[in-house]
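Open the structure in your viewer and keep the selection tool at hand. The tour goes from stop to stop, saying what to select and what is there.

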Amino acid sequence: MRLGTSVSRIVFPVLILAVPPVASQGAPAPIQRAHALPRSTPERQGISSAAILAFVEQADSETDAMHSFMLVRHGHVVAEGWWSPYDAETPHMLYSLSKSFTATAVGLAIGDGKLSLDDLVLKFFPEDAPAEPSANLRAMRVRDLLRMNTGHQTEADLWTWWDHPASAAQDEPWTKTFLAHPVPFKPGTHFLYNSPGTYMLSAIVQKVTGTTVLEYLRPRLFEPLGIEHPNWWTSPQGITAGAVGLLIRTEDIARFGQLYLQRGVWNGRQLIPAAWVAAATAAQTSNGSSPESDWDQGYGYQFWRSRHNSYRGDGAFGQYCLVLPEVDAVVVITSGVRDMQAVMNLVWEKLLPAMRAHALPEDAAARRRLAAKLAGLTLRPAPGKPTGALATSTSGRWFEFPDSNRAIRAVALDFDPQSPALLVRTADGETRTPIGIGSWVKSRGGFTAGLDRLLSVPAHPLIAASGAWTADDVFSVKLVLYETPYYARLTFRFDGDRLLLDTEYNVSFGPTAQPQLIGHSR
């Protein structure tokens with residue numbers, strides 16, 4: 001599975017004007033903390049409110065999967081926002097943007113004298129090495145893991161455990177699985193985006209420091225930046241996943257990008273060696289030749305090079321930390337999109353040309369228009385009418401699914417106008433998920449439509465639900481797991497004693513459309 005690059009993606013949040021911050025409807029304004037980045041008006045930092053508004057309007061109109069956005073210029077947040085139900089205080093799951101944090105741990109461990117770029121990978125795992133390792137495996141070094149030049153033709157399958165937790169895969173160390181995978185090319189000669197390679201970097205850091213990457217970074221990176229309560233899932237062997245799975249907030253990502261923009265310095269302290277920042281964000285290997293693709297500009301140490309002499313960490317379906325040194329800016333976006341290049345294009349077309357080297361005259365009218373736009377930003381709720389001809393006769397009626405392969409045993413919809421809800425029975429019991437009619441209602445522990453089984457989705461995820469009647473016999477529900485890139489559209493079609501259930505995900509590493517289920521009334 002190629003995480004972070006195998007899908008095109010887009011990311012955007014509810015924008016909030018810098019001074020004072022303006023939160024999107026239904027989303028709380030960011031809590032001001034001691035570590036918060038300073039806020040400023042856009043014009044004071046050389047970008048117009050009108051240009052940001054144009055960016056937001058186009059992002060909002062062209063995709064239904066923007067989650068958050070933050071623009072930092074000259075060290076000041078000049079615009080920020082969240083598309084409801086996403087908000088400033090709820091951490092967002094990162095896919096391959098996690099890799100840039102793992103690489104930072106490697107750089108710190110190198111700075112501490114714990115390892116070097118030229119250390120051989122087998123040196124750290126003699127107990128997991130094949131009986132007769134190939135010459136290419138014996139030649140693989142730490143720097144090859146960092147720059148995705150391990151010599152593999154395909155990725156080792158480490159993630160089977162997530163889909164099949166009871167399988168024997170969790171008994172064999174993931175490091176052993178990685179080292180057993182064929183290495184047909186000489187390391188350093190063949191670029192392959194390789195998430196298992198990042199897991200190996202995490203395992204190496206744990207070997208040489210005696211602690212997980214998460215705990216190693218806590219006093220060295222997270223606490224100095226004011227990143228509170230970071231969470232990161234681990235392998236069955238207790239090793240931080242490294243490649244995916246970090247959960248932090250939008251501003252946390254922005255502080256990380258600003259730290260790299262400042263060459264590792266934060267509040268006068270050199271948190272990361274400047275030499276590491278320079279090396280990690282430089283092109284360490286070639287990965288393509290298209291001048292129009294931000295995935296063909298070279299690759300560093302778990303950072304992508306981008307057009308316009310910029311660099312970034314990014315993750316599947318649209319989490320971005322884009323650093324633009326030439327204009328002293330950081331752009332952070334989270335989303336759940338399929339076309340990630342389209343998001344990058346929008347930054348280049350709308351934001352980059354608007355950045356000036358000097359302050360601009362304040363434009364109160366433009367700021368008010370931007371604030372008004374931001375105040376209404378939301379993911380689109382399920383479209384349709386608040387009630388239907390069958391609402392009364394079908395409310396509370398249970399439909400059983402004896403042949404379901406998705407663990408659903410029975411479903412009912414409660415159309416009580418005061419507290420509508422989706423009720424689902426599975427082998428684990430019954431859940432009641434509140435539904436907003438034309439709006440979002442948040443809950444935890446409700447029905448996830450199988451999204452909780454996708455890679456690195458948190459257990460018992462936060463859910464927001466919206467529903468509406470799209471026809472006399474059809475009720476649609478939109479379920480958003482608002483810590484993640486994912487939502488599901490559920491279409492319930494009532495047909496006499498039958499209920500036809502169609503489910504489609506906005507994005508997925510596999511098929512987005514799920515097989516139709518047919519239920520029967522008792």
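The stops below cover helices, aromatic rings and a sheet.

This is a predicted model, in which local features need pLDDT of at least 70 and side-chain atom pairs count only at pLDDT 80 or more, while totals for chains, interfaces and linings use all residues. Residues are numbered from 1 along each chain as its sequence is written, and side-chain values use heavy atoms, with hydrogens and water left out.

**Stop 1: a kinked helix.** Select residues 213-225, which are helix 8. Helices (H or I, at least four residues) and strands (E, at least two) are DSSP runs, numbered from the N terminus. Helix 8 has a kink of about 55°, centred on Pro219. The bend at a residue is the angle between axes fitted to the seven residues ending there and the seven starting there. Buried residues of helix 8 include Leu217, Leu221 and Phe222; buried means under 20% relative accessible area, exposed over 50%, and partly exposed in between (1.4 Å probe, protein chains only). Just after the helix, select Gly226, which has a positive phi of about 75°.

**Stop 2: aromatic rings.** The structure has 28 aromatic pairs. Rings of Phe, Tyr and Trp (its six-membered ring) pair if their centres lie within 6.5 Å; planes under 30 degrees apart count as stacked, over 60 as edge-to-face and the rest as tilted. Select Trp174 and Tyr199: they form a tilted pair, with 5.1 Å from centre to centre and 55° between the planes. Trp174 is in helix 6 (residues 174-180) and Tyr199 in helix 7 (residues 195-209), so the pair ties together parts that are 25 residues apart in sequence. Both residues are buried. Next, select Phe101, Phe222, Phe256, Tyr260, Phe303 and Tyr311, which form one aromatic cluster.

Stop 3: Two strands pair if DSSP finds at least two bridges between them. Strand 5 pairs with strand 6 (residues 246-248) over 2 bridges. Select Asn231 and its bridge partner in strand 6, Leu247.

**Stop 4: a helix with two faces.** Select residues 364-375, helix 12. Its buried residues are Ala366, Arg367, Leu370, Ala371 and Leu374. The face turned away from the buried side carries the exposed residues Arg368 and Ala372.

Terms used. The expected span of a helix is 1.5 Å times one less than its number of residues.
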